[in-house]
Amino acid sequence: MPFLTALLTAATLGTPGIPALATPFTLTGADGRRWSLSSALGRERLLVVRNPSAAYLNAVRAQDTALQVRDLRVVALLPPDDARLNGPRTLMLTLLADPGGRIGTQYGPATLIGKDRGIKARYPAPPALNTVGALIDTMPMRQQERQQRGR
């Protein structure tokens, strides 16, 4: 139980003045393709991170299989013309240009959005993926998925 308490302490839930539901947005990746948050809402869990380091993005790439198991997509919002936008792609990592940081400011350093479109946690910095995974594993929808999928 102390681990769960630490998880919930690290994540700010229900912050006053912050909407409880994710606000949709559409941005462009380095490849010129448009990506809309609406296309993933309800189908995947989303971890929106603002301006993560190259090391963080590499850690995300290395854990792509674990992200797939949890239906967790990491959406990295980066400045336009940032070299990290051209980094290697994986199935569960989406790299988007955020002109002026407009969207990133709205979502803070990092925000976890559930399949129900609700904001589940806000983090003061991009969180370790095992921390996010542990929080997701406590959610009723994830527990139901584990029973149905057997993992």
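Strands E4 and E5 (residues 93-97) pair in the parallel sense over five bridges, where helices (H or I, at least four residues) and strands (E, at least two) are DSSP runs numbered from the N terminus, and two strands pair if DSSP finds at least two bridges between them. The model is a predicted one, in which local features need pLDDT of at least 70 and side-chain atom pairs count only at pLDDT 80 or more, whereas totals for chains, interfaces and linings use all residues. Residues are numbered from 1 along each chain as its sequence is written, and side-chain values use heavy atoms, with hydrogens and water left out.

Buried denotes a relative accessible area under 20%, exposed one over 50%, and partly exposed the range in between (1.4 Å probe, protein chains only). In a regular strand the side chains alternate between the two faces of the sheet. In E4, Leu 72, Val 74, Ala 76 and Leu 78 point one way, while Arg 73, Val 75 and Leu 77 point the other way, and all are buried.

Arg 45 belongs to strand E3 and is buried, with a relative accessible area of 2%. Leaving aside residues up to four places away in sequence, its contacts (heavy atoms within 4.5 Å) include Asp 71, Leu 72 and Arg 73, and also Ile 113, Ile 136, Met 141 and Glu 145. Asp 71 is located in the loop between helix H3 (64-69) and E4. Its phi is near 55°, a positive value in a residue other than glycine, and at 14% relative accessibility Asp 71 counts as buried. A positive phi, near 65°, is also found at Asp 81, likewise a residue other than glycine. Asp 81 lies in the loop between E4 and E5 and, at 79% relative accessibility, counts as exposed.

Ile 136, one of the residues touched by Arg 45, is among the buried residues of H5. Helix H5 (residues 129-137) is mostly covered, with seven of its nine residues buried. These are Leu 129, Val 132, Gly 133, Ala 134, Leu 135, Ile 136 and Asp 137.

Aromatic contacts were then examined. Rings of Phe, Tyr and Trp (its six-membered ring) pair if their centres lie within 6.5 Å, and planes under 30 degrees apart count as stacked, over 60 as edge-to-face and the rest as tilted. By this rule the count comes to two aromatic pairs. The ring centres of Phe 25 and Trp 35 are 6.3 Å apart and the planes lie at 50°, so this pair is tilted. Phe 25 is in the loop between helix H1 (2-10) and strand E1 (26-28) and Trp 35 is in strand E2, so the pair ties together parts that are 10 residues apart in sequence. Phe 25 is buried at a relative accessible area of 5%, and Trp 35 counts as buried at 15% relative accessibility. Phe 25 also forms an edge-to-face pair with Tyr 107, at 5.7 Å centre to centre and 65° between the planes. This second pair links distant parts of the chain, 82 residues apart, with Tyr 107 placed in helix H4 (residues 102-107). Tyr 107 counts as buried at 2% relative accessibility. Phe 25, Trp 35 and Tyr 107 form one aromatic cluster.

The largest pocket has a volume of about 260 Å³. Of its 14 lining residues, Asp 31, Trp 35, Arg 89, Leu 93 and Thr 94 are the closest to its centre. On a 1 Å grid over the protein atoms alone, a pocket is an open set of points where a 1.4 Å probe fits, with protein on both sides within 12 Å along at least five of seven lines, and lining residues have an atom within 4 Å of a point. Grid points are joined across faces, edges and corners, and a volume is the space filled by probe spheres set on the points. Strand E2 (34-36) and E5 each supply at least two residues of the lining, and the largest share, four residues, comes from E5. By class, the lining has six nonpolar, three polar and five charged residues, where Ala, Val, Leu, Ile, Met, Phe, Trp, Tyr, Cys and Pro count as nonpolar, Asp, Glu, Lys and Arg as charged, and the others, Gly among them, as polar.
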